[in-house]
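Morning, everyone. Let me put the model up, and then we'll walk through a few spots.

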Amino acid sequence: MSANTLVHDFELPFQLYDVLDTEKLCNHSRFSEHNRETFDSVLETAKKMATQLFLPHNHLADKDEPCFKDGKVGMIDEVKTAYDAYRQSGFIAGRYSFAEGGMQLPETVLTALSSYFTAANPSTTAYPFLTSAAINVIAHFASDEVKALFMPRMLTGEFTGTMALTEPHAGSSLADIRTTAVQQEDGSYRLKGSKMFISAGDHQLSENIIHLVLAKLPNAPSGVKGISLFIVPKYRLNDDGSVGTDNDVHLAGLIHKLGYRGTTSTALSFGDNDDCHAYLVGEPHFGLRYMFKMMNEARIAVGFGAAMIGYRGYQYSLAYAKERTQGRIAPNNKPEDDATAIINHGDVKRMLLAQKAYSEGGIALCLYGSNLIDRINTCEDSANQASASTDSTSDDGSSEDSTNKKATLKAELSELLDLLTPVLKAWPAEYGVKANDLGIQVLGGAGYTREYYAEQFWRDNRLNPIHEGTNGIQALDLSFRKLWQNNGIGLKILQREISQDLQNITTPETAKLADKLTPYIEELQTVLLHLSRLLATEKAITLTANAQALMNVLATIIVSWMWIRQASKAEQLLLTTSPNLEKQQYYCGKIQTAKYFIDWELPTIRRDIELLIEDNSVCTDMQVGWF
Ligand SMILES: Cc1cc2nc3c(=O)[nH]c(=O)nc-3n(C[C@H](O)[C@H](O)[C@H](O)COP(=O)(O)OP(=O)(O)OC[C@H]3O[C@@H](n4cnc5c(N)ncnc54)[C@H](O)[C@@H]3O)c2cc1C
């Protein structure tokens with residue numbers, strides 16, 4: 001492995017086929033044309049493209065960021081070459097059916113293939129990824145007529161997409177947006193307002209840019225219930241579908257960021273000349289709900305991206321630690337002995353283990369989330385259902401019974417996904433940055449210089465706890481809504497999934513880890529029972545600050561479970577197959593990192609448990625004047 005390693009050769013096969021059994025999805029009619037070979041060939045193409053076209057300009061795009069030149073946004077040519085190759089690969093349409101020109105791939109495989117691109121170059125990757133996210137919303141909620149106008153050319157990447165939610169005065173609180181849309185006599189809409197921080201909001205990479213814009217109609221209900229969603233193309237479309245004139249969408253400015261510098265970040269102004277044409281998506285006033293319905297995939301993508309930037313920093317600092325020599329270690333600690341590679345020092349091992357634990361833990365977590373989407377999407381798919389089911393409720397009764405069971409399973413898994421979504425976004429975002437911070441530390445002084453890339457990984461990743469709903473907002477969503485919605489069914493399903501896995505452990509080392517996790521799961525129950533009572537009292541205010549602690553407790557338990565799943569598989573494979581030395585080392589590394597997570601990270605939640613149980617009010621009692 002070298003400083004340019006994107007993903008260890010064994011990592012994705014292990015996660016996809018050993019831990020998740022992704023091939024089982026091919027028993028469903030939706031994925032029956034696929035098999036491990038087709039999945040592997042897609043991953044191989046992604047790896048090659050990311051290595052050859054995305055990786056080489058990651059640093060250059062950071063140094064030579066997009067700028068405003070001759071009335072246009074200019075950027076280094078390498079971005080367009082990489083973008084064109086990506087769009088020609090068909091990956092933008094990866095999740096859509098063959099009939100729609102897509103590849104009909106499972107979400108699990110799509111997430112896995114994204115690993116190469118995000119590890120190689122998160123900034124250039126943002127252009128196709130944002131397009132995929134915008135298509136996802138249009139595909140689900142726009143009318144057939146509107147879909148026909150935009151979707152085909154977004155699927156091919158001829159048109160790119162954006163998400164235009166944020167305004168200068170309204171970020172976390174989208175209820176306060178001021179952009180308006182007014183219906184004209186002919187039924188069409190005109191939009192007016194300013195948006196801020198819009199990624200990929202202007203560039204020359206595609207023929208047109210399709211903005212998904214949140215706006216309010218006149219007399220809309222106040223708050224989030226009054227927000228509608230519109231498609232606003234940068235250029236209007238002529239009757240024959242060709243790209244026409246400017247649509248009164250203006251670049252008000254480029255924003256200069258800490259990281260992700262290769263992605264244009266824009267302030268956009270819509271309708272300065274009262275002539276910005278917009279297309280309503282779905283029903284009026286349902287805009288935010290549409291956006292949030294499609295947030296599962298988007299939030300997993302953010303979490304996974306954060307884990308991958310953390311992972312890239314880990315691989316980079318690992319390669320450095322093997323090369324850099326410094327000091328001596330007993331018994332070779334005489335001055336005349338050769339200096340040792342720093343990877344042999346206990347403290348450097350600690351920092352590398354933490355990075356491995358955070359990033360591979362995040363990878364396992366987000367792939368589990370993507371796999372959950374596939375399980376939900378295939379619940380009602382009848383083809384070979386019995387053999388495909390990974391759940392205890394496989395069909396064994398009458399067809400009506402079986403239909404009901406599938407519907408129940410789908411509802412349960414959807415609740416679980418809803419519960420996990422804030423965790424899938426926030427935990428890898430927070431710990432990916434911590435991994436990159438440790439990556440800098442492993443490089444010592446070199447980590448603090450711009451001659452090495454460790455600092456760029458940290459700067460790029462620092463965005464992830466901020467966008468797509470800040471981590472603070474995710475913790476509030478978890479603590480006040482997701483844990484309790486629909487009588488807490490999501491939590492019950494989570495407990496069922498964890499206990500099924502723990503009961504199925506057959507190997508000795510992993511069994512010890514499971515025994516260490518069990519008391520924390522019991523303590524979580526106590527905490528949640530306590531909080532369920534607290535919520536009805538005026539002390540509930542303490543949870544507005546302590547939500548972070550609750551997120552940390554739940555997420556650390558979930559990631560511990562993810563590590564136990566990996567250790568269990570690795571131990572089984574060590575004991576039941578005859579792996580070569582390289583594989584043995586890989587599996588031993590998985591087991592050892594699981595031990596690290598359970599012994600070093602899991603116990604740190606004790607402090608958070610105590611804060612929650614005692615309704616600690618230090619933060620909420622702090623008066624503004626005391627700062
Ligand atoms: C590089 C970058 C790219 C982006 N790309 C896009 C994009 O493509 N499209 C788009 O629409 N937006 C985009 N954003 C905007 C991003 O989603 C917002 O920055 C984010 O939602 C936070 O909003 P804000 O910046 O206004 O911060 P604020 O909402 O002002 O929040 C500031 C702080 O206050 C906290 N806070 C706010 N409200 C509460 C509350 N009720 N309770 C507790 N704490 C609270 C926040 O957690 C945060 O710590 C991007 C931002 C950046 C930096």
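Start with two helices. Helix 9 passes helix 12 in a left-handed crossing, meaning that the near helix is turned anticlockwise from the far one by less than a right angle. The contact residues divide into 15 nonpolar, nine polar and three charged. Helix 9 covers residues 295–323, and helix 12 covers residues 399–443. They pack at about 20°, with axes 8 Å apart. That makes helix 9 roughly parallel to helix 12, a label for angles under 35 degrees.

Some ground rules. This is a predicted model, where local features need pLDDT of at least 70, side-chain atom pairs count only at pLDDT 80 or more, and totals for chains, interfaces and linings use all residues. Residues are numbered from 1 along each chain as its sequence is written, and side-chain values use heavy atoms, with hydrogens and water left out.

How confident is the predictor? pLDDT is its confidence in each residue, from 0 to 100. The protein averages 95, and 97% of the residues score at least 70. Over residues 385–390, though, the pLDDT is below 50.

Next, helix 14, residues 471–482. Its buried residues (under 20% relative accessible area, 1.4 Å probe, protein chains only) include N471, D477 and K482. The buried residues of helix 14 pack against helix 9, helix 12, helix 15 and helix 17.

Last stop: A134, in helix 6. Buried or exposed? A134 is buried, at 0% relative accessible area. Beyond neighbours within four places in sequence, A134 is in contact (heavy atoms within 4.5 Å) with M154, G161, T162, M163 and L212.

Notes. Axes fitted to C-alpha atoms, helices over the stretch in contact; angles between N-to-C directions. Helix = DSSP H or I, 4+ residues; strand = E, 2+ residues; numbered from the N terminus. Parallel < 35°, antiparallel > 145°, perpendicular 65-115°, else oblique. Nonpolar A, V, L, I, M, F, W, Y, C, P; charged D, E, K, R; others polar. pLDDT = per-residue confidence, 0-100. Buried < 20%, exposed > 50% of the residue type's maximum accessible area, 1.4 Å probe, protein only.
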